[in-house]
Amino acid sequence: MLPPLPARWPHYTVRVSLYRDDGIVLRTHKLGEADRIVTVLTRRTGKIRGVAKGVRRTMSRFGARLEPFTHVDLQLHTGRTLDVITQAETIRSYGGPLVIDYPRYTAGTAMLETADRLIMGEKEPALRQFLLLVGGLRTLGSGEHEARLVLDAYFLRSLAVAGYAPALEACARCRAVSVRAFAIVAGGVVCGTCRPAGAAVPEGETLALMAALLRGDWATADASRGRHRAECSGLVAAYLQWHLEHGIRSLRHVEREPVT
């Protein structure tokens, strides 16, 4: 025989875990018929993936605010597998000046993909990468510098933040100051003794441009010649993809500086 029901059921408190953060939308993809999964690089939490319910419906409250290149203020509810986005407010949209300029748009897309690939774990704070991405998108949209220069500077600095900065002034292996080549597998420039087979032999101006982009010397970068920019872009792209261990798909669409 079952025991009698208690006169009063005990009161249970259901705790709903909400948190707030701001970040840059990196990418989105469809979920079901009306939802989207949104990947965001946030200021405090790091990279997160959240479900935005109903955003693909025409009457969605905040669907347009959760597009790539948008800096958004988010409120999320912690879920079992994916968090749920409950509020979204636009802080700034960097996409406006980019979508009307193909070189800048493709460079910006490559930035978002690189940020997504470099930061592997979710909810691991990555403030420096976040600030670097915001600064890169702002500079790209301003039109102050050639798009590919901005992209290469972003690549080099994001690699440096991740701990993969290339050696550009002394041999990556023996620290000799007399460098002869650039070897991706060695970690940057190498001397004649340490030079492995297949190492590239860039012009000195190309290496100077790479160093200028890494330290933010825009006067030197803007004054560089087209052929040195093209050579620099090739080396930087190869170095980045070596460390990521896979390609950046967006790079195939990025327009290169004409060789002059």
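**Exercise 1. Determine how strand 1 is joined to strand 4, and which residue of strand 4 is the bridge partner of D22**.

Solution. Strand 1 and strand 4 (residues 70-77) run antiparallel and are joined by 7 bridges. Strands here are DSSP runs of E with at least two residues, helices are runs of H or I with at least four, and both are numbered from the N terminus. Two strands count as paired if DSSP finds at least two bridges between them. The bridge partner of D22 in strand 4 is D73.

The model is predicted, so local features need pLDDT of at least 70 and side-chain atom pairs pLDDT 80 or more, while totals for chains, interfaces and linings use all residues. Residues are numbered from 1 along each chain as its sequence is written, and side-chain values use heavy atoms, with hydrogens and water left out.

**Exercise 2. Give the strand order of the barrel and the average twist**.

Solution. The barrel is closed by 5 strands in the order 1-2-3-5-4, with mixed pairing. From one strand to the next, the twist averages 50°.

**Exercise 3. Classify the aromatic pairs Y154 with F155 and F182 with Y239**.

Solution. Step one is the rule: rings of Phe, Tyr and Trp (its six-membered ring) pair if their centres lie within 6.5 Å; planes under 30 degrees apart are stacked, over 60 edge-to-face, and the rest tilted. The structure holds 3 aromatic pairs. Step two takes Y154 and F155: their ring centres are 6.4 Å apart and the planes stand at 50°, so this pair is tilted.

Step three takes F182 and Y239, an edge-to-face pair with 6.0 Å centre to centre and 65° between the planes. F182 belongs to strand 6 (residues 181-183) and Y239 to helix 7 (residues 226-244), so the pair ties together parts 57 residues apart in sequence. F182 and Y239 are buried.

**Exercise 4. Describe the lining of the largest pocket**.

Solution. A pocket is an open set of points on a 1 Å grid where a 1.4 Å probe fits, with protein on both sides within 12 Å along at least five of seven lines; lining residues have an atom within 4 Å of a point. The largest pocket holds about 320 Å³ of space. Of its 13 lining residues, L26, R27, E113, R249 and S250 lie nearest the centre. Strand 1 (18-31) and helix 2 (102-118) each supply at least two lining residues; helix 2 gives the largest share, 6 residues.

Conventions: Grid points are joined across faces, edges and corners, and a volume is the space filled by probe spheres set on the points. Buried means under 20% relative accessible area, exposed over 50%, partly exposed in between (1.4 Å probe, protein chains only). Axes are lines fitted to C-alpha atoms, for helices over the stretch in contact, and angles run from 0 to 180 degrees between N-to-C directions.
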